[in-house]
Amino acid sequence: MAHDTHIHVRSKAEFEYAKKKRADEMRGHLATFAIMIFLTLIAFTMVAAGFSAYLIVPIILLLAGIQVILQLYYFMHMSGKGHGMVAFFMFCGMFVAFITVLALVTIVWW
Amino acid sequence: MSSIAQKKGFGATIWDFMTTVDHKKIAILYLISGGFFFLVGGIEAMMIRIQLAKAGNDFLSAGLYNEIITMHGTTMIFLASMPILLAFMNAIMPLQIGARDVAFPFLNSLGFWLFFFGGIFLNLSWFMGGAPDAGWTNYASLALASEGHGIDFYTLGLTISGFGTLIAGINFLVTIINMRAPGMTYMRMPLFTWTTFVASALILLAFPPLTVGLFFMVFDRLFGASFFAVEMGGNTIIWEHLFWIFGHPEVYILILPAFGIFSEIFAIFSRKRLFGYTALVFATILIGFYGFMVWAHHMFTVGLGPTANAVFALATMIIAVPTGIKIFNWLLTIWGGSISFTTPMIYAVAFIPSFVAGGVTGVMQAIAPLDYQLHDSYFIVAHFHYVIVGGVVLAILAGTHLYWPKMFGTMLSEKLGKWTFWFFFIGFHLTFFIQHFLGLMGMPRRVYTFGADQGWDLFNAISSAGAIFMAIGVIILLVNVVMTTIKNERVGNDPWGDGRTLEWAIPSPPPFYNFAQTPLVRGLDSFWIEKMEGNKKGMIFAEPLGDIHMPNNSFIPFVMSLGMFVASFGALYFLDGDKPWALAVLVIGLLITFGSMLVRSLKDDLGFHITKAELLKDAKGGNTDGH
């Protein structure tokens, strides 16, 4: 609405704050990226080393789960403000899907 | 289109409703079509009770009886209860949170028309070679063996109307998250808005499994796939799982808004703040969560094994806890209140014992070993009618009386309302209470007749007599509606005199832009707070009076849904082999749908503005009910 719009001029302190914020975020991105590469390396190494499939499969699934969370929070900005409801519904959906798959696996297909 | 009052002809009114994107008019559309399907389902129920009134009756044949029980269940759940509740959600929820409309007015209209055409498609099966006959649960072993096109009408019709419901659910979620008036925090939302929110979340999470199940069923029946065909390596139990993963949350989608309506009624007519508001909110959320962990209690006798049965039995019993919290909070809301026994209030008071009776039999069935005895008997029929009729239908009737003035600007007759109540309430208990005992005496569900030597004659006759009482109650309600409409005595903002929430602070029916100025909410029961502080306007405004941006009406949702409707006939007859036109119908239908989507995408529709001058003119007692 027209009467809501007004122009905001940033003060020096605000500018410094935003700059620091961005630098922090960048550091977070780089660290996460490094961790993700490392996790991927672990996965590939485990397969290359020829461990038992019963060990490899659950660990790779676990690593994949961690990757998804890192991806969501650091690269898709779910940690940002105002994402609480989105996160809540995503976790609800995952929860329902998990219960469903778990039940079908254990009751029907096992 | 302007807000200047005009006399309109019948045709123009119809056109207005076919193109409307106004949540209040869509609510009326939902109410009328849901009400129509409620009558259709009711007639089917009467036919069932006539058939079972005496032993060895031949009013209906066995095959027709199967079709009627299937359509009775499907119609009442998908086409009557849910749309009527969606009508109240549409009419009231945006007003309660101080919004001008829902978040996506166009989608709101699309959701309605998809539901409507899906419902019509399903019911056309009566005239086009036979209705579905595998029960409303449509278990795969029965459904795959069913001849004719009945089941295909079921799968395609429910797919279309399911899209509509899913769209409505998402729309309400976005509306409640984003469009609350300033000051309306989550913990200041009226309980009906809260239950709408949780029910919409359940719609969002529960309808996809149904859609998947229906897709599998369509592929099995129409394209020779074998998801459920055991002889081809499929698994018929998977349908049951998919159906009930949807089906159990579905009953909460029905009962939660009913709880919301009753919560409003208890607070209004006890003239008290809801007791334990916070507990009621968290109980609602908990019920929503538990709803997804209990579906297999519908399948105890399938042979899931003792571990699975035990897990699901325990999970089911836990649901009694939040529900019990709600019951006690309602009782304590009434306690010490200044109670007025209006029609909505007597429905609400009658709801508590009726619903508790249904809940208690529910916990009985949660005991898996006992369920082996009760399964597929009339005990089950009695149980789910106690929760659905004693909970949802009583809420629908109560809500109709409570919100009628807000939706139509006239008050339903209290005297006739009470007659409706007593006929319906006595009839309901007469019909279904005795069915518990029929079940315990061994009468199975879904049998089209019984023998004179089985000792079920008297109880069935009593049950059928009760159904007549319920029918009389509904007829009195219809008379009431007609008489009220003809008399047309307009009412003010707060016709009940004790309204607590924002919807009662604006005219009945509200102007098409709802709030000329967005209200500022200062606490729970916003309107009540302002009334108690002597604020004559009923609300504090959060913004100065200014131009309002409104969406244009659109005919596209109707056309888009019509395309799906036409395409469904093509899909239905496509594999008959002897109908070469079917493919053309399918293609034409899809072209209509995708063409109208294309038009919608390419055409800029920026809406229009209501100017401040027009708003001021309206405020001076000009036009209030729309265009």
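Me: With which residue does Asp152(B) form a salt bridge, and how far apart are the closest N and O atoms?

Reply: The general idea is that side chains of opposite charge can pair when their charged atoms come close. In this structure, which is a predicted model, Asp152(B) pairs with Arg221(B), and the closest N and O atoms are 2.8 Å apart.

Me: How many salt bridges does the structure hold over all chains?

Reply: The total over all chains is 14. One of them joins Asp22(B) to Lys24(B), with 3.1 Å between the closest N and O atoms; both Asp22(B) and Lys24(B) are buried. In chain A, salt bridges that share partners join Lys20(A), Asp24(A) and Arg27(A) into one network.

Me: Which parts of chain B does the pair of Asp525(B) and Arg500(B) tie together?

Reply: The closest N and O atoms of Asp525(B) and Arg500(B) are 2.9 Å apart in their salt bridge. Asp525(B) lies in the loop between strand 1 (519-520) and helix 17 (526-532) of chain B, whereas Arg500(B) lies in the loop between helix 16 (457-487) and strand 1, so the pair ties together parts 25 residues apart in sequence. Asp525(B) has a relative accessible area of 10% and is therefore buried. Arg500(B) likewise counts as buried, because its relative accessibility is 4%.

Me: Which side chain of opposite charge is nearest to Arg445(B), a buried residue that has no salt bridge?

Reply: The nearest is Asp376(B), 4.2 Å away; a salt bridge requires the nitrogen to be within 4 Å of a carboxyl oxygen. Arg445(B) is situated in the loop between helix 15 (414-440) and helix 16 of chain B. Its contacts beyond four places in sequence are Asp376(B), Ser377(B), Tyr378(B), Ile380(B), Val381(B) and Phe384(B).

Me: Which residues touch the most other members of the largest nonpolar core?

Reply: As a general matter, nonpolar side chains in soluble globular proteins tend to be buried together. The largest nonpolar core here has 168 residues, and those touching the most other members are Phe78(B), Phe262(B), Ile265(B), Trp295(B) and Trp330(B). Helix 8 (residues 236-270) of chain B gives the most to this core, with 21 residues. Residues up to four places away in sequence aside, Phe78(B) touches Pro83(B), Phe115(B), Trp136(B), Leu158(B), Leu210(B) and Phe246(B). A second, separate core of 12 residues includes Leu60(B), Ile69(B), Phe450(B) and Trp456(B).

Terms used. Residues numbered from 1 in each chain as written. Chains lettered and ligands numbered in written order. Predicted model: local features only at pLDDT ≥ 70, side-chain atom pairs only at ≥ 80, totals over all residues. Heavy atoms only, no water. Core = buried A, V, L, I, M, F, W, Y, C linked by side-chain atoms within 4.5 Å. Buried < 20%, exposed > 50% of the residue type's maximum accessible area, 1.4 Å probe, protein only. Helix = DSSP H or I, 4+ residues; strand = E, 2+ residues; numbered from the N terminus. Contact = heavy atoms within 4.5 Å. Lys, Arg positive; Asp, Glu negative; His and termini not counted.
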